[in-house]
Amino acid sequence: MVRVRDNRDKQAFADLFEHFAPRIKGYLMKSGTNATIAEECAQDVMTTLWRKAGQFDPTRASVATWIFTIARNRRIDMLRRDRRPEPEELTWGPEPEPEQAHVIELQQETARLVEAISALPENQRKLIEQAYFGDMTQAEISHITGLPLGTIKSRIRLALDRLRHAMK
């Protein structure tokens with residue numbers, strides 16, 4: 001390792017590669033990594049060893065400890081990358097303004113709907129408001145008003161028919 005660090009000795013690196021690459025792959029496979037990814041990771045570790053050989057300090061750790069620490073860290077990076085969801089494609093800038101004609105049409109439709117609802121008989125209007133604006137189920141309305149569920153359903157159906165005709 002010292003020859004790789006000090007002299008960038010390719011033959012010494014080849015010897016290190018031959019010795020450690022299969023062991024790194026075996027280490028990664030024993031820790032749950034599949035063979036293909038373990039092979040890629042082992043090659044990546046050896047590439048890192050070549051690039052960062054200058055950082056190796058034999059007084060701090062043995063060659064094997066240093067290399068297997070790189071392998072362990074690389075495996076952790078891979079696990080984090082696999083678990084991280086891909087960000088959704090973001091659109092940049094403000095959303096486009098709706099077309100003015102569409103806005104006016106929507107306002108006119110809303111006004112017609114408000115007028116049609118207010119024209120409904122009182123008993124139907126209240127049921128429509130409770131069902132569609134109060135987010136209540138028909139059973140809840142029946143319980144609150146004391147009316148039979150069938151009456152609630154028929155009044156809402158009649159009210160919707162009137163609204164449908166008014167909105168045509």
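**Entry 1: the model.** I noted that the model is predicted, that local features need pLDDT of at least 70, that side-chain atom pairs count only at pLDDT 80 or more, and that totals for chains, interfaces and linings use all residues. Residues are numbered from 1 along each chain as its sequence is written, and side-chain values use heavy atoms, with hydrogens and water left out.

**Entry 2: H3 and H4.** I took helices as DSSP runs (H or I, at least four residues), numbered from the N terminus. The axes of H3 (residues 35-51) and H4 (residues 63-83) come within 9 Å and cross at roughly 130°; axes are lines fitted to C-alpha atoms over the stretch in contact, with angles from 0 to 180 degrees between N-to-C directions. That makes H3 oblique to H4, a class left over once angles under 35 degrees (roughly parallel), over 145 (roughly antiparallel) and 65 to 115 (roughly perpendicular) are set aside. The crossing is right-handed, that is, the near helix is turned clockwise from the far one by less than a right angle. For contact I used heavy atoms within 4.5 Å. Ile-37, Cys-41 and Asp-44 are among the H3 residues that meet H4, whose side includes Trp-66, Arg-74 and Met-78.

**Entry 3: H5 and H8.** I found that the axes of H5 (residues 100-118) and H8 (residues 149-167) come within 10 Å and cross at roughly 140°. The two helices are therefore oblique to each other, and their crossing is right-handed. Glu-109, Arg-112, Leu-113, Ala-116 and Ile-117 in H5 meet Leu-163, Ala-166 and Met-167 in H8. This contact has six nonpolar, no polar and two charged residues.

**Entry 4: aromatic pairs.** My search of the whole structure gave five aromatic pairs; rings of Phe, Tyr and Trp (its six-membered ring) pair if their centres lie within 6.5 Å, with planes under 30 degrees apart stacked, over 60 edge-to-face and the rest tilted. One of them, Phe-13 with Trp-50, is edge-to-face, at 5.1 Å centre to centre and 65° between the planes. Phe-13 lies in H2 (residues 10-30) and Trp-50 in H3, 37 residues apart. Phe-13 is buried at 17% relative accessible area, whereas Trp-50 is partly exposed at 23%; buried means under 20%, exposed over 50% and partly exposed in between (1.4 Å probe, protein chains only). Phe-13, Phe-17 and Trp-50 form one aromatic cluster.

Terms used
Nonpolar A, V, L, I, M, F, W, Y, C, P; charged D, E, K, R; others polar.
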